[in-house]
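Trainee: I would like to go through the labels on this model one by one. Can we tie each to its cut-off?

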Amino acid sequence: MEGKRPVDVISLCSAEGDIRPLRLRLEDESQQLRRVDIVEVVSVKQIPYVGAEAYVFVCRVNFGGKPGLVELEYGIRSHTWRLLGEYTGKRGERVV
């Protein structure tokens, strides 16, 4: 995967203003839309880019029964989600 890839995300916003991704939808290599369930948010880090603040989430996911990790970026001002990275499962398989 190259660069930041826009993705659709269903997220939850708490009364305190915290945001947590729950599920994402993306297009695979065969251009089919795939649903990826987020099992756990492993870490969240706020990144103060110049003029474009963002949160970066590392999440455990379940993609068709295969566990893995993805890195998501949420643009605070633009309200957009991007897939930054995907971490492979066993034997070097792609997760998403």
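**Labels and cut-offs**

Mentor: Start with Leu12, which is found in strand E2 (residues 8-13). Strands (E, at least two residues) are DSSP runs, numbered from the N terminus. This is a predicted model, where local features need pLDDT of at least 70, side-chain atom pairs count only at pLDDT 80 or more, and totals for chains, interfaces and linings use all residues. Residues are numbered from 1 along each chain as its sequence is written, and side-chain values use heavy atoms, with hydrogens and water left out.

Trainee: Why does Leu12 count as partly exposed?

Mentor: Its relative accessibility is 44%. Buried means under 20% relative accessible area, exposed over 50%, and partly exposed in between (1.4 Å probe, protein chains only). Leu12 therefore counts as partly exposed. Ser11 is also found in strand E2, and at 28% Ser11 counts as partly exposed.

Trainee: What makes a patch of Ile10, Leu12 and Leu22?

Mentor: Like charges are joined within 9 Å, nonpolar side chains (Val, Leu, Ile, Met, Phe, Trp, Tyr) within 5 Å. Ile10, Leu12 and Leu22 form a nonpolar patch on the surface, with about 240 Å² of accessible area together. Such areas come from the Shrake-Rupley method with a 1.4 Å probe; for residues, only the protein chains shown count as cover.

Trainee: Which residues is Ser11 in contact with, leaving aside neighbours within four places in sequence?

Mentor: Contact means heavy atoms within 4.5 Å. Ser11 is in contact with Ile19, Arg20, Pro21, Leu22 and Trp81, those neighbours left aside. The C-alpha atoms of Ser11 and Leu22 are separated by 5.1 Å, 11 residues apart along the chain.

Trainee: Why is His79 called exposed?

Mentor: His79 has a relative accessible area of 56%, so the label is exposed. His79 lies in the loop between strand E6 (66-75) and strand E7 (80-87). His79 has a positive phi of about 55° although it is not a glycine. Most residues other than glycine have a negative phi.

Trainee: What makes a nonpolar core?

Mentor: A nonpolar core is a set of buried Ala, Val, Leu, Ile, Met, Phe, Trp, Tyr and Cys residues joined through side-chain atoms within 4.5 Å. The largest has 16 residues; Val7 and Trp81 are among those with the most contacts inside it. E5 gives the most to this core, with four residues.

Note on methods. Patch = residues over 30% accessible without salt bridge, like charges linked within 9 Å, V, L, I, M, F, W, Y side chains within 5 Å. Salt bridge = Lys/Arg side-chain N within 4 Å of Asp/Glu carboxyl O.
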